[in-house]
Amino acid sequence: MLIHGQPFRTIWPTASGAVEIIDQTRLPHAVVIVALETLDDAVEAISTMRVRGAPLIGVAAAWGLALAMRADSSDAALTDAGRRLKASRPTAVNLAWAVDRVTAELAALPLSAREAAAYGLAHDITEEDVVACRRIGENGADLIAAAAALKPGEVVNILTHCNAGWLATVDWGTALAPIYVAQERGIPLHVWVDETRPRNQGAALTAFELGQQGVDHTIIVDNVGGHLMQHGRVDLCLVGADRITRTGDAANKIGTYLKALAATDNGVDFHIAAPASTIDWTLTDGVAQIPIEERDGAEVTHMTGALADGGLATVQISAPGSPAVNFGFDVTPARLITSFVTEHGVHPASEAGLGSLPH
Ligand code: MRU
């Protein structure tokens with residue numbers, strides 16, 4: 001997608017064997033490209049959220065394994081790299097999915113073949129993500145078209161939470177891909193962008209990418225969605241997911257559950273867009289079984305933003321000395337989800353609904 005009119009992806013290999021990323025901790029204030037040369041660099045980039053979003057951290061982990069194999073292709077190095085990458089963020093299953101897929105293929109190869117194979121697999125996973133997200137866009141745009149058909153000549157209002165756009169994937173995004181395809185189709189739409197405290201992926205990243213693509217949008221604080229729904233100002237909700245159980249419960253950025261409750265109470269459709277690699281087929285109860293990342297409380301008590309002169313500053317916004325807890329995700333039960341949009345179609349949020357997907 002576009003930054004300042006130029007097409008970009010979030011991650012790409014270089015001719016020297018390094019991997020470059022857009023450093024998302026610097027957006028929207030600066031577009032900074034960072035080179036990852038080593039496994040350590042990849043682990044740091046994932047854990048500090050220079051790259052973030054479930055599909056993208058899976059892709060980044062695949063490239064991290066390639067960087068690890070470049071340095072040492074032994075069994076011990078492969079196992080250690082997989083363990084460290086999986087531990088870098090716990091909730092999104094795409095990361096473990098990518099590590100397991102690459103590790104299984106490399107483990108069957110002689111050491112001399114592993115580096116080239118790891119780069120090839122990372123390339124494949126990257127391209128597959130682009131194709132899957134575009135398909136999610138096509139399938140989800142049909143839902144937006146259906147909403148548009150109910151109010152001819154009027155703008156479709158979509159509420160999204162966090163950032164499940166192209167910055168959370170390699171390109172296109174999951175929840176925002178249908179919006180970009182709907183825009184291509186000429187459907188008039190407007191996006192309510194949840195700010196998404198404490199890291200503000202909505203205000204910083206979703207608003208940035210929608211603005212760069214020319215999509216009409218408005219940033220709202222996280223507690224506004226219910227009010228908008230009560231007043232008929234949201235036609236549908238469209239969010240991403242970090243892990244979906246086989247029964248259709250879905251973990252996504254903290255606060256998603258409350259939006260789904262408000263949507264259900266107001267008869268607003270609540271759709272989740274994600275590639276099939278986000279489904280954890282081993283789990284049946286999202287609330288009980290999905291591991292929820294807890295991050296540093298300083299992300300709650302402090303905020304970083306741009307000063308008038310363009311420099312960045314971090315300020316404390318809380319009472320000094322008060323502790324803060326910082327859960328990164330929550331789980332929305334299947335009963336509150338209207339449908340899942342994947343690269344394979346639109347599916348009811350139930351074991352039967354998801355059961356036809358490849359696994
Ligand atoms: O903590 P983040 O920024 O990695 O969380 C991102 C989200 O919760 C997204 O909604 C989710 O990963 C889906 S991304 C297509």
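**Exercises on loops and a sheet**

Pro28 sits in the loop that joins strand 4 (19-22) to strand 5 (33-36); helices (H or I, at least four residues) and strands (E, at least two) are DSSP runs, numbered from the N terminus. The model is predicted, so local features need pLDDT of at least 70, side-chain atom pairs count only at pLDDT 80 or more, and totals for chains, interfaces and linings use all residues. Residues are numbered from 1 along each chain as its sequence is written, and side-chain values use heavy atoms, with hydrogens and water left out.

**Exercise 1.** Determine whether the peptide bond from Leu27 to Pro28 is cis or trans.

Solution. Omega of this bond is near 5 degrees. The bond from Leu27 to Pro28 is therefore cis, whereas most peptide bonds are trans.

**Exercise 2.** Describe the loop between strand 7 (189-194) and helix 7 (201-213).

Solution. Step one: Thr196 lies in this loop, and its phi is near 70 degrees, a positive value in a residue other than glycine. Step two: Thr196 has a relative accessible area of 0% and is buried (under 20% relative accessible area; exposed is over 50%, partly exposed in between; 1.4 Å probe, protein chains only). Step three: Pro198 is also in this loop, and the bond from Arg197 to Pro198 is cis, with omega near 5 degrees.
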